[in-house]
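Q: Please take one part of this structure and look at it closely. Where does it sit, and what surrounds it?

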Amino acid sequence: MKKIRPILSLLLVLVTTLLVSCSSPTKAKIPTVYSPEKIEQLQLYRAPIAEAREKMATLEEFIKTENWVDTRTFIHGPLGGLRQSMANASSRLLQKDQKSAQNLARELFSHFERIDAAAKERNYNAAEAQYFEALKDFDAYLDIIPSNS
C-alpha cells in the first residue's frame, strides 16, 4: 500500500495536467452594444468635447473679423486640451467605434492645423473653408459617442 500511494499521486498529477493542458481557454466576449453604465461613463468624457464644440462659434467670429492673432491663440489655448479629451473618449468607445473616432479626431486636428496655417498667412478663404470642414468632423465625432437621450 505504501508503494501504491506515490504512484497514485503521480497518476493524479498527470491526469490533472493532461486535463488542464487539453482544455481550451474561454474567449472573452467583446461587447457589441453600449450598456447604460458605459453610456453614463462616456458622458463624462463627452462633456468637455461638447463644450469645446460650443466654443467653435468664437473661432468662427475671429475668422470672420480676420482677427488672426486671436484665431491662432484660440486654437492653441481654449481648444488646446481637446486632443487629450478626444483620445480619452475614443479609447473608451466600443472596439467597433474606436477606429472611426480616432480617424475623425485626426481629421479635426488636421483642419485646426490648416486654420492655424491660414491665419498665419492671413488667408480668409482657406481659414473659413477649413473651419467648416472642422465643424463637420466635430459633429460626426460627437455623433459616435452615445448619449442618454
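A: From the N terminus on, the elements of the protein run α-α-α-α-α-α-α. Helices (H or I, at least four residues) and strands (E, at least two) are DSSP runs, numbered from the N terminus. The model is predicted, so local features need pLDDT of at least 70 and side-chain atom pairs count only at pLDDT 80 or more, while totals for chains, interfaces and linings use all residues. Residues are numbered from 1 along each chain as its sequence is written, and side-chain values use heavy atoms, leaving out hydrogens and water.

Take the whole protein before the part. It has 149 residues, and 32% of them are buried (under 20% relative accessible area; exposed is over 50%, partly exposed in between; 1.4 Å probe, protein chains only).

Now turn to H3. This helix covers residues 56–64. Its buried residues are Met56, Leu59, Phe62 and Ile63. Seen down the axis of H3, these buried residues fall within an arc of 110°, so they line one face of the helix. (The arc is taken from the directions from the helix axis to the C-beta atoms.) What do the buried residues of H3 pack against? Four helices take part: H2 (36–54), H4 (68–76), H6 (95–121) and H7 (124–144).

A search of the whole structure finds one cavity of 30 Å³ or more. The largest cavity holds about 30 Å³ of space. (On a 1 Å grid over the protein atoms alone, a cavity is a set of points where a 1.4 Å probe fits but cannot get out; lining residues have an atom within 4 Å of a point. Points are joined across faces, edges and corners, and the volume is the space filled by probe spheres set on them.) Its lining consists of Glu60, Ile63, Lys64, Glu128, Tyr131 and Phe132. H3 and H7 are the elements that give two or more residues to that lining.

What follows H3? The answer is Glu66, with a positive phi near 55°. Most residues other than glycine have a negative phi. Glu66 lies in the loop between H3 and H4. At 43% relative accessibility, Glu66 counts as partly exposed.

Arg122 is in the loop between H6 and H7. Is Arg122 buried or exposed? At 59% relative accessibility, Arg122 is exposed.

Ser85 belongs to helix H5 (residues 82–91). Ser85 is buried, at 18% relative accessible area. Setting aside neighbours within four places in sequence, Ser85 is in contact with Pro48 and Ile49. Leu94 sits in the loop between H5 and H6. Leu94 is buried too, at 5%. Leu94 and Val33 are 61 residues apart in sequence, yet 7.6 Å apart in space, C-alpha to C-alpha.

Notes: The arc is that of the directions from the helix axis to the C-beta atoms. Contact means heavy atoms within 4.5 Å. On a 1 Å grid over the protein atoms alone, a cavity is a set of points where a 1.4 Å probe fits but cannot get out, and a pocket is an open set with protein on both sides within 12 Å along at least five of seven lines; lining residues have an atom within 4 Å of a point.
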